[in-house]
Amino acid sequence: TPAHVTAHGFVTSLFTQVGLFHLLGNLVYFYLFGACVEDLIGRWQFVLFFLLSGLAADFLHIAAALANGTADMPLIGASGAISACLGGFVVLLKNTKINFRYFVWFLVRAWDGDFWLPAWLVISFWFLMDLISALGSVVGPGRGGGVAFAAHVGGFIGGFLMMLAWRGVRAWAG
């Protein structure tokens with residue numbers, strides 16, 4: 001909990017989940033985006049990336065929780081570190097396209113199909129929604145509905161910046 005920070009709490013919070021659907025939701029994003037980042041940077045670098053971005057998520061969440069008076073509410077889940085995977089994905093694979101499929105049924109008529117959007121656009125929209133929600137949760141306690149939006153934002157920014165640095169070091173090293 002942000003009001004009672006412990007060193008081990010920074011790590012253990014990354015490996016706990018509220019329930020089955022929280023776990024499944026995180027696993028879907030982790031599979032889609034984390035696996036791609038891991039493939040590009042390597043296994044051990046990814047472990048370090050995941051843990052450091054989890055810390056970035058924790059720190060921003062703590063700041064937001066202290067600001068809005070919800071410091072007694074625990075931070076549970078890997079969502080912040082998984083958000084870092086989205087930030088890293090944008091840096092490393094921004095030109096990737098994401099396929100969306102739709103099905104609309106109204107009375108006796110149905111429409112279906114699919115369309116593609118650039119990953120940077122989709123993920124930027126997701127980040128903007130989380131940023132707005134994080135700012136809203138700081139303005140008034142309880143407005144986040146139990147979702148640690150600031151952790152998502154902190155993780156995303158941490159992952160984005162770490163991948164920019166990683167890419168820069170790799171380019172410099174040749």
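**View 1. Just past the end of α2, G42 has a positive phi of about 105 degrees.** Helices here are DSSP runs of H or I with at least four residues, strands are runs of E with at least two, and both are numbered from the N terminus. This is a predicted model, in which local features need pLDDT of at least 70. Residues are numbered from 1 along each chain as its sequence is written.

**View 2. Helix α2 covers residues 20-41 and bends by about 40 degrees at Y31.** The bend is the angle between axes fitted to the seven residues ending at a residue and the seven starting there. From first C-alpha to last, the 22 residues of α2 reach 29 Å, close to the 32 Å expected at 1.5 Å a residue; that expected span is 1.5 Å times one less than the number of residues.

**View 3. Which residues of α2 are buried?** They are N26, F33, G34, V37 and I41, where buried means under 20% relative accessible area and exposed over 50%, with partly exposed in between (1.4 Å probe, protein chains only). Their packing partners are α3 (43-68), α4 (79-93), β1 (97-106), α5 (119-139) and α6 (149-173), and contact means heavy atoms within 4.5 Å.

**View 4. L107 sits in the loop between β1 and β2 (109-118).** Its phi is near 55 degrees, a positive value in a residue other than glycine.

Methods:
Predicted model: local features only at pLDDT ≥ 70, side-chain atom pairs only at ≥ 80, totals over all residues. Heavy atoms only, no water.
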